[in-house]
Amino acid sequence: MNETLLWLLYLVSAAVAFFAVQKLGWRIVPSMLAGTVVTMVGWGLIFLLTAEDKRPAFWRLDLSMNASFALIFAGAGAATALAMKSSQSAD
């Protein structure tokens, strides 16, 4: 269950970055950082609320690895939004 929540948080990271670029007009880097921060806060909450023996091995890995995944997903979301905005403005 917790691992599924973590992957959903990565998708939230992409959605936040996408929304920041598409609707708010942010640049890519700030939107990626915003998406990553949202995911890391969620990761921290779930980590703190889960007992040590209930955490899967994936959760015991470095915070930096989880932040990297969040940043990758946020980058994909931001890049997708930027590509969509660019194609709309070209029309």
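Predicted model: local features only at pLDDT ≥ 70, side-chain atom pairs only at ≥ 80, totals over all residues.
The place of L63 is in helix α4, and its C-alpha atom is separated by 9.1 Å from that of G44, a residue 19 places away along the chain. At 44% relative accessibility, L63 counts as partly exposed; by the cut-offs used here, buried means under 20% relative accessible area, exposed means over 50%, and partly exposed lies in between, with a 1.4 Å probe and protein chains only.

Residues are numbered from 1 along each chain as its sequence is written, and side-chain values use heavy atoms, with hydrogens and water left out.

Now consider the chain as a whole. The protein chain has four helices and zero strands, so defined because helices (H or I, at least four residues) and strands (E, at least two) are taken as DSSP runs and numbered from the N terminus. Read from the N terminus on, the elements therefore run α-α-α-α. Of the 91 residues of the protein chain, 34% count as buried. Among the contacts between residues at least 6 apart in sequence, 73% join residues at least 24 apart. The chain exposes about 5,500 Å², and carbon and sulfur atoms supply 72% of this area, as calculated by the Shrake-Rupley method with a 1.4 Å probe, where for residues only the protein chains shown count as cover.

Not counting residues up to four places away, A67 touches T36 and M40, and with a relative accessible area of 22% A67 is partly exposed. L8, in helix α1, is likewise partly exposed, at 44% relative accessibility, and between L8 and T39, which are 31 residues apart in sequence, the C-alpha distance is 9.2 Å.

Which rings are linked into a cluster by ring pairs? The cluster is made of W7, Y10, F69 and F73, and the structure as a whole holds six aromatic pairs. The rings of Y10 and F69 have centres 5.6 Å apart and planes at 35°, so this pair is tilted. Rings of Phe, Tyr and Trp (its six-membered ring) pair if their centres lie within 6.5 Å, and planes under 30 degrees apart count as stacked, over 60 as edge-to-face and the rest as tilted. The pair links distant parts of the chain, with Y10 in helix α1 (residues 2-22) and F69 in helix α4, 59 residues apart. Y10 counts as buried because its relative accessibility is 0%, whereas F69, at 27%, is partly exposed. The rings of Y10 and F73 have their centres 5.5 Å apart and their planes at 25°, so this pair is stacked. Because Y10 lies in helix α1 and F73 in helix α4, the pair ties together parts that are 63 residues apart in sequence. F73 counts as partly exposed, at 22% relative accessibility.

Y10 also meets a polar partner. The side chain of N66 makes a polar contact with the side chain of Y10 (2.8 Å); such a contact is a pair of N or O atoms within 3.5 Å, and within protein one atom must be able to donate a hydrogen and the other to accept it, while residues adjacent in sequence count only if both atoms are side-chain atoms. N66 lies in helix α4 (residues 63-90), and N66 is buried, with a relative accessible area of 0%.

Is S31, in turn, buried or exposed? With a relative accessible area of 0%, S31 is buried, and its place is in helix α2 (residues 28-49). A polar atom of the S31 side chain lies 3.2 Å from the backbone oxygen of R27. Leaving aside neighbours within four places in sequence, S31 is in contact with A17, A20, V21, W26 and A78.

Note on methods: Contact = heavy atoms within 4.5 Å.
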